Amino acid sequence: MARRRQIYEGKAKILYEGPEPGTLIQYFKDDATAFNAQKRGTINGKGVLNNRISEHVFTLLGNIGVPHHFIRRLNMREQLIRQVEIVPIEVIVRNVAAGTLSKRLGIEEGTQLPRTLIEYCYKDDALGDPLVAEEHIACFNWCSQDELHDIQDMAIRINDFMSGLFAGVGIRLVDFKLEFGRLYEGDYSRIILADEISPDGCRLWDMVSGEKLDKDRFRRDLGGEVEAYQEVARRLGLLPEGGENAVLDLDSHRKKRDK
């Protein structure tokens with residue numbers, strides 16, 4: 001498919017004009033950022049893996065009735081999506097204490113939360129995506145109360161499904177980020193899932209070893225980022241077992257690092 005006019009470039013993806021009205025092409029980059037882009041780098045092949053993993057998860061979510069923007073994967077790095085108006089809120093779903101939650105509240109990382117916690121951040125890189133309350137969302141009319149209820153309901157449903165999906169392949173879903181958008185249909189709009197779901201926006205820990213299989217490997221200078229992303233794809237059945245395409249063993253990576 002011929003490259004079209006660029007609409008937007010973010011930290012991990014580029015959006016291009018789609019082939020039909022109401023569509024966009026989402027291109028996955030290898031660029032890696034952390035701490036609101038204060039740390040930058042490259043994870044070779046990350047875009048290819050994230051495209052495939054996100055396609056897989058969105059397809060499965062669609063099968064259980066979660067509305068989303070994904071239409072189809074076009075090639076190794078691009079997918080066709082519906083154009084939506086992004087709600088300026090990042091939705092953080094937490095099952096286990098980790099990252100900023102642990103730092104903010106002094107809770108030991110790895111502590112199972114007594115219930116699933118949903119947090120909201122205002123999407124603004126210049127402000128560092130600050131944590132906000134439901135009252136902020138209502139006060140500044142970032143979305144309506146009905147839209148927020150739809151977002152909350154979908155977030156819980158997605159969490160329930162994904163927790164089971166990853167547990168089935170020996171991965172603990174610690175927390176993850178979601179974004180939603182308004183899909184306009186005539187004079188009406190509805191909230192649907194947007195952006196991506198991949199190790200870039202999820203904390204994924206091996207259930208036995210506690211090994212981090214996500215972008216925390218980049219954030220914390222642990223190394224082995226590509227191997228971790230490949231391991232997630234392999235366990236989900238998206239990479240073949242054995243042969244030249246086999247994932248690199250994280251245990252071997254650690255031994256090499258420690259020499």
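**Positive phi and a sheet**

I started in the loop between helix 5 (216-219) and helix 6 (225-235), where aspartate 221 sits. I took helices (H or I, at least four residues) and strands (E, at least two) as DSSP runs, numbered from the N terminus. This is a predicted model, where local features need pLDDT of at least 70, side-chain atom pairs count only at pLDDT 80 or more, and totals for chains, interfaces and linings use all residues. Residues are numbered from 1 along each chain as its sequence is written, and side-chain values use heavy atoms, with hydrogens and water left out.

Phi of aspartate 221 is near 55°, positive although the residue is not a glycine. Most residues other than glycine have a negative phi. Aspartate 221 counts as exposed because its relative accessibility is 61% (buried is under 20% relative accessible area, exposed over 50%, partly exposed in between; 1.4 Å probe, protein chains only).

I then looked up aspartate 195, in the loop between strand 13 (188-194) and strand 14 (202-206). Aspartate 195 also has a positive phi, about 65°. Is aspartate 195 buried or exposed? It counts as buried, because its relative accessibility is 11%.

I found five strands in an open, antiparallel sheet, ordered 1-2-3-7-6; two strands pair if DSSP finds at least two bridges between them. Strand 1 (6-9) and strand 6 (70-73) are the edges, each pairing on one side only. Inside the sheet, strand 3 (residues 23-28) pairs with strand 7 (residues 78-82) over five bridges, antiparallel. There, tyrosine 27 stands opposite glutamate 78 of strand 7.
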